Amino acid sequence: MKILKYILFTLLLTMALPQETQAKREKVPQMYMFGFSASFQDSIIYMTDVQEVSDVWYDSKTRFLLGRQHYSYQLRNYLTNNKQQPNRVCVVMFALTRKEAEKKFIKLRKEYTVKAKGKYDVRYLPTTEFKFEAVDMSEE
């Protein structure tokens, strides 16, 4: 009886431990994304248009955009060099369809315009002014 409990305990323990899994990385033909930038030093908010970016790497298991930090750095470098706005926090929001991306964009814009009641100076960066460039994640 004791051996049976030991075997059952060992079996349950091996099932409960996390299994090492491999992420499913794939290159999608297009992804829709937009950038958001804020600073702790002022009330200026920058938002880019929803943009279609081709040949983007995506983890289909976790549903995450690979290389998100590279896209954020693109926006941060643009704001530092062209708008003289250093030390900004930049975030990239993404979706597989334009409709999903625009829904996220409208929700975030509403948060900083309507709900904030004029606390923030929201500035838009059109695609003619700033455009995300695809990041090659095949090596990483």
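Guide: One term to start with: contact means heavy atoms within 4.5 Å. Keep in mind that this is a predicted model, where local features need pLDDT of at least 70 and side-chain atom pairs count only at pLDDT 80 or more, while totals for chains, interfaces and linings use all residues. Residues are numbered from 1 along each chain as its sequence is written, and side-chain values use heavy atoms, with hydrogens and water left out.

Visitor: So which residues is Met-33 in contact with, leaving aside neighbours within four places in sequence?

Guide: The list takes in Asp-49, Val-50, Gln-51, Val-53, Val-56, Leu-65 and Tyr-71.

Visitor: What pattern does the protein chain follow along the sequence?

Guide: Helices (H or I, at least four residues) and strands (E, at least two) are DSSP runs, numbered from the N terminus. The protein chain has three helices and six strands. Read in order, they give α-β-β-β-β-α-β-α-β.

Visitor: Of the contacts with a separation of 6 or more, what share comes from residues 24 or more positions apart?

Guide: That count covers the protein chain. Residues 24 or more positions apart account for 74%.

Visitor: Which residues touch the most other members of the largest nonpolar core?

Guide: A nonpolar core is a set of buried Ala, Val, Leu, Ile, Met, Phe, Trp, Tyr and Cys residues joined through side-chain atoms within 4.5 Å; buried means under 20% relative accessible area, exposed over 50%, and partly exposed in between (1.4 Å probe, protein chains only). The largest core here has 23 residues, and the ones touching the most other members are Met-31, Met-33, Val-56, Leu-65, Tyr-71 and Phe-132.

Visitor: And which elements each supply at least two residues of this core?

Guide: Helix 2 is one of them. The others are strand 1, strand 2, strand 3 (51–59) and strand 5.

Visitor: How many residues make up the second, separate core?

Guide: Phe-36, Val-50, Ala-95 and Val-122 are among its members. In total, this second core has twelve residues.

Visitor: Is Arg-88 buried or exposed?

Guide: Arg-88 sits in the loop between helix 2 (68–82) and strand 5 (89–95). Because its relative accessibility is 2%, Arg-88 counts as buried.

Visitor: Which side chain does Arg-88 join through a polar contact of 3.0 Å?

Guide: A polar contact is a pair of N or O atoms within 3.5 Å; within protein, one must be able to donate a hydrogen and the other to accept it, and residues adjacent in sequence count only if both atoms are side-chain atoms. The Arg-88 side chain has such a contact with the side chain of Asp-42 at 3.4 Å, and another with that of Gln-85 at 3.2 Å. The 3.0 Å one goes to Ser-37.

Visitor: How many residues apart in sequence are the parts that Asp-42 and Arg-88 tie together?

Guide: Their side chains meet in a salt bridge (3.4 Å, N to O), that is, a side-chain nitrogen of Lys or Arg within 4 Å of a carboxyl oxygen of Asp or Glu. Asp-42 lies in the loop between strand 1 (25–38) and strand 2 (44–48) and Arg-88 in the loop between helix 2 and strand 5, so the pair ties together parts separated by 46 residues.

Visitor: How far apart are the closest N and O atoms of Glu-129 and Lys-83?

Guide: Glu-129 counts as partly exposed at 33% relative accessibility, and Lys-83 does at 30%. The two form a salt bridge, with those atoms separated by 2.7 Å.

Visitor: Which residue forms a salt bridge with Asp-121?

Guide: The structure holds five salt bridges. In this one, the closest N and O atoms are 2.8 Å apart, and the partner of Asp-121 is Arg-123.

Visitor: How far apart in space are Gln-85 and Ser-39, C-alpha to C-alpha?

Guide: Gln-85 is in the loop between helix 2 and strand 5, and it counts as buried because its relative accessibility is 15%. Gln-85 and Ser-39 are 46 residues apart in sequence, and their C-alpha separation is 8.9 Å.
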